[in-house]
Amino acid sequence: MVSKTVMVTGATGYVAGWLVKKLLDEAYTIHATVRDPGDKQKLQYLDALAEKAPGSIRYFKADLLKKDGFKEAMEGCEIVFHTASPFINKVDDPQKDLIDPALIGTRNVLETVNEVPSVKRVVLTSSCAAIIGDARDVLKMPGQIATEANWNETSSLEHQPYSYSKTLAEREAWKLNKGKSWKLVTINPSLVIGPGINPKGTSESFKIVKQLVDGSMKAGVPALEFGMVDVRDVAEAHYRAAITEEAEGRYIISAEHHLFLELADMLRPTFGDSLKLPKRKLPKWLVWLVAPAAGLQRSMISRNIGYPWRVDNSKGKKELGMHYRPTSESIVEFVEQIKETL
Ligand code: NAP
């Protein structure tokens, strides 16, 4: 039985929202770090959850780039869930906008863990992006499928900087955990989909799915394949990684893999012509040609389109007892929410 006081960094986030709900429903006291505790607009969704649940939530101001705030929030907590990290694909300055908050943030949180003896376990939100850089890389992996043993070795500041930020942050976490008495468990989800606690979420997940349904891809979609997983299952994985004594190491958390066009096909029976859904795949050469205008890197197109993206999710099923919602349900529920904001 773990202490009923836990800390969640980045509690306002898309992934964190459902984790907060789960913890509140299980009667935990949550020390939630947020950048702006005065942002009532953002916090209203978490406050509404707390009102209806046996648990409670207290907010602490903390920015990933500064160490202040984390210690106060961490005192008395046995578990730390470190979810905060920017998930943005288009950035002006990858170092400042992605790498620094991911890497310095992980360092600030985990160095604080070393100063707070009550903390026994850290559950870190990493990503499949720390395992696979580009789909092409999977071809070189044993059995052409990625497992927790693999690391992303191809992303850089110039190519796939978000994936690079997640790789650097997770590597740093394992380095800081070495020889310490607290346990580190990482959750490595693929693309997270499904309705948010905050319906106006700013996570890249919202932007990606919005593009699929708002007409931006009406002429066709790139034949890009992704792993995907429901946000509620990702929250459940974090919870299980915290309460399962034997949980150990990294966990790939991914339900299914699909092409963009397959997602559109899953949406057609429910939404029909009410959404401007794509009906065809665009040839790779055309996507490559127009990529910069669409804010995509040509190197990303070259190394991903036409390559199968495969992960082995058996460790999470076996050790955390994970089972997954079907993508067809998650995507429909997500789009029902996103449709309201179009
Ligand atoms: P999100 O909704 O944008 O959440 C990101 C969180 O990080 C927000 O709470 C944000 O706080 C916080 N944050 C960003 N920069 C910060 C800073 N400088 N200081 C303090 N907090 C900061 O995105 P998400 O999708 O839920 O992502 C949450 C985690 O899941 C990230 O670690 C991400 O890499 C990981 N992940 C996401 C996916 C996915 O498909 N969504 C897949 C794999 C892994 P504010 O509210 O103050 O901005």
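Hi everyone, and thanks for coming. Please keep in mind that what you see here is a predicted model.

Let's start with the ligand. How many residues surround the ligand? There are 26 of them, and the closest are Thr-12, Arg-35, Lys-42, Tyr-162 and Val-192. By type, this shell divides into 11 nonpolar residues, 11 polar ones and four charged ones.

Now for some polar atoms around the ligand. At Val-192, a backbone N or O atom sits 2.7 Å from an oxygen atom of the ligand. Tyr-14 also places a backbone N or O atom by a ligand oxygen, at 2.8 Å. Then there is Leu-64, where a polar backbone atom is 2.9 Å from a nitrogen atom of the ligand. How much of the ligand's accessible area does the protein cover? On its own the ligand has 880 Å², and the protein covers 91% of that.

Next, the cores. The largest nonpolar core has 76 residues, and the ones touching the most other members are Val-8, Leu-23, Ile-30, Phe-81, Ile-253 and Leu-267. Helix 1 gives this core its largest share, eight residues. Take Ile-30 as an example: beyond its neighbours within four places in sequence, Ile-30 is in contact with residues including Val-6, Val-8, Val-20, Leu-23 and Leu-24, and also with Ser-56, Ile-57 and Arg-58. There is a second, separate core of 21 residues, with Met-7, Phe-60, Ala-173 and Leu-184 among them.

Before I stop, two single residues. Pro-86 is in the loop that runs between strand 4 (79-82) and helix 4 (94-113). Is Pro-86 buried or exposed? Pro-86 counts as buried because its relative accessibility is 17%, and the cut-off for buried is under 20%. Leaving out residues up to four places away in sequence, Pro-86 touches Asp-97, Leu-98, Pro-101, Ala-102 and Tyr-162. Pro-86 and Gly-10 are 76 residues apart along the chain, with 9.6 Å between their C-alpha atoms.

Finally, Ile-79 belongs to strand 4. With a relative accessibility of 2%, Ile-79 counts as buried too. From Ile-79 to Lys-4 the C-alpha distance is 9.0 Å, although 75 residues separate them in sequence.

That's my tour, and I'm happy to take questions.

How values were computed. Residues are numbered from 1 along each chain as its sequence is written. This is a predicted model: local features need pLDDT of at least 70, side-chain atom pairs count only at pLDDT 80 or more; totals for chains, interfaces and linings use all residues. Side-chain values use heavy atoms; hydrogens and water are left out. A residue is near a molecule or strand if one of its heavy atoms lies within 4 Å of it. A polar contact is a pair of N or O atoms within 3.5 Å; within protein, one must be able to donate a hydrogen and the other to accept it, and residues adjacent in sequence count only if both atoms are side-chain atoms. Accessible areas come from the Shrake-Rupley method with a 1.4 Å probe; for residues, only the protein chains shown count as cover. Ala, Val, Leu, Ile, Met, Phe, Trp, Tyr, Cys and Pro count as nonpolar, Asp, Glu, Lys and Arg as charged, and the others, Gly among them, as polar. A nonpolar core is a set of buried Ala, Val, Leu, Ile, Met, Phe, Trp, Tyr and Cys residues joined through side-chain atoms within 4.5 Å. Buried means under 20% relative accessible area, exposed over 50%, partly exposed in between (1.4 Å probe, protein chains only). Helices (H or I, at least four residues) and strands (E, at least two) are DSSP runs, numbered from the N terminus. Contact means heavy atoms within 4.5 Å.
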